[in-house]
Amino acid sequence: MMNILWSVLVLISIVFSIMYATVADTAVAVFSAAQEAVELTLKMLGMFCFWDGIMEIAQRGGVTDCIQKLLSPLLNILFPNHKNDASVKSAIAMNMTANILGLGNAATPLGLEAMRRLKVHAHCKDAATNDMIRFVVLNTASIRLIPTTVAMLRFEAGSLAPMEILPVSAIVSLLSCSVGLLICRAAERFWHE
């Protein structure tokens with residue numbers, strides 16, 4: 001379906017470029033946009049490599065164990081079926097830490113690992129458990145105290161104060177995560193009744 005949609009969009013853009021612009025203008029726009037995309041990707045890649053490295057150092061240095069202990073009371077409430085499973089709680093804590101730092105893309109491998117560990121304990125291997133659904137909600141609507149990716153994009157767009165969104169980002173992400181978890185809890189109760 002996405003291939004069809006993408007093809008239709010490309011065809012529409014070609015038709016409009018022929019109707020309203022010259023071929024030279026279209027070629028300049030295509031190559032200019034491609035160059036800007038590559039430059040932005042390289043800048044973002046540097047940031048992701050830096051934060052991935054920081055996360056790896058934290059993991060090897062035992063910082064992640066400390067973070068897992070700090071988040072343990074919250075994780076015990078959110079995932080009561082895994083109170084005594086340090087490997088699951090550690091994977092979820094690492095994912096939460098990456099999301100708190102605003103590293104959405106860097107959090108993806110950590111989230112996949114957490115989901116894999118949750119699936120090991122699932123009774124039915126073909127269906128998502130309540131814990132797995134709750135984790136997806138927590139990961140998707142995660143709390144972001146430091147919106148690193150958004151700040152980088154704002155900096156690249158010329159913002160003089162790319163981190164001024166910090167308080168608003170923290171409040172909005174806390175609210176969205178809370179609402180998501182409340183809806184998830186309500187759905188669990190409704191489904192079981």
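Modeller: Contact here means heavy atoms within 4.5 Å. The model under discussion is predicted.

Biologist: Which residues is Leu138 in contact with, leaving aside its neighbours within four places in sequence?

Modeller: With those neighbours left aside, Leu138 is in contact with Leu78, Phe79, Ile92, Met96, Cys177 and Leu181.

Biologist: What makes up the largest nonpolar core?

Modeller: A nonpolar core joins buried residues through side-chain atoms within 4.5 Å. The largest one has 16 residues, and those with the most contacts inside it are Leu75, Phe79, Ile92, Met96, Leu118, Phe135 and Leu138. Two or more residues each come from α3, α4, α5 (104-120), α6 (130-140) and α8 (166-192). Helix α4 gives the largest share, five residues. There is also a second, separate core of 12 residues, including Met47, Phe48, Leu101 and Ala107.

Biologist: Why are α3 and α4 called roughly perpendicular to each other?

Modeller: Helix α3 (residues 63-78) and helix α4 (residues 86-100) pack at an angle of about 100°, their axes being 9 Å apart. Angles of 65 to 115 degrees count as roughly perpendicular, and the pair is therefore described in that way. Among the residues making the contact are Ile67 and Leu71 of α3, and Ile92 and Met96 of α4.

Biologist: How do the residues of the contact of α3 with α4 divide?

Modeller: They comprise nine nonpolar, six polar and one charged.

Biologist: At what angle do α2 and α7 pack?

Modeller: Helix α2 (residues 23-60) and helix α7 (residues 148-156) pack at about 145°, with axes 11 Å apart, and their crossing is right-handed. The contact includes Met47, Phe48 and Trp51 of α2, and Met152 and Leu153 of α7. Its residues divide into seven nonpolar, two polar and two charged.

Definitions and conventions. Residues are numbered from 1 along each chain as its sequence is written. This is a predicted model: local features need pLDDT of at least 70, side-chain atom pairs count only at pLDDT 80 or more; totals for chains, interfaces and linings use all residues. Side-chain values use heavy atoms; hydrogens and water are left out. Axes are lines fitted to C-alpha atoms, for helices over the stretch in contact, and angles run from 0 to 180 degrees between N-to-C directions. Helices (H or I, at least four residues) and strands (E, at least two) are DSSP runs, numbered from the N terminus. Angles under 35 degrees count as roughly parallel, over 145 as roughly antiparallel, 65 to 115 as roughly perpendicular and the rest as oblique. Ala, Val, Leu, Ile, Met, Phe, Trp, Tyr, Cys and Pro count as nonpolar, Asp, Glu, Lys and Arg as charged, and the others, Gly among them, as polar. A crossing is left-handed if the near helix is turned anticlockwise from the far one by less than a right angle, and right-handed if clockwise. Buried means under 20% relative accessible area, exposed over 50%, partly exposed in between (1.4 Å probe, protein chains only).
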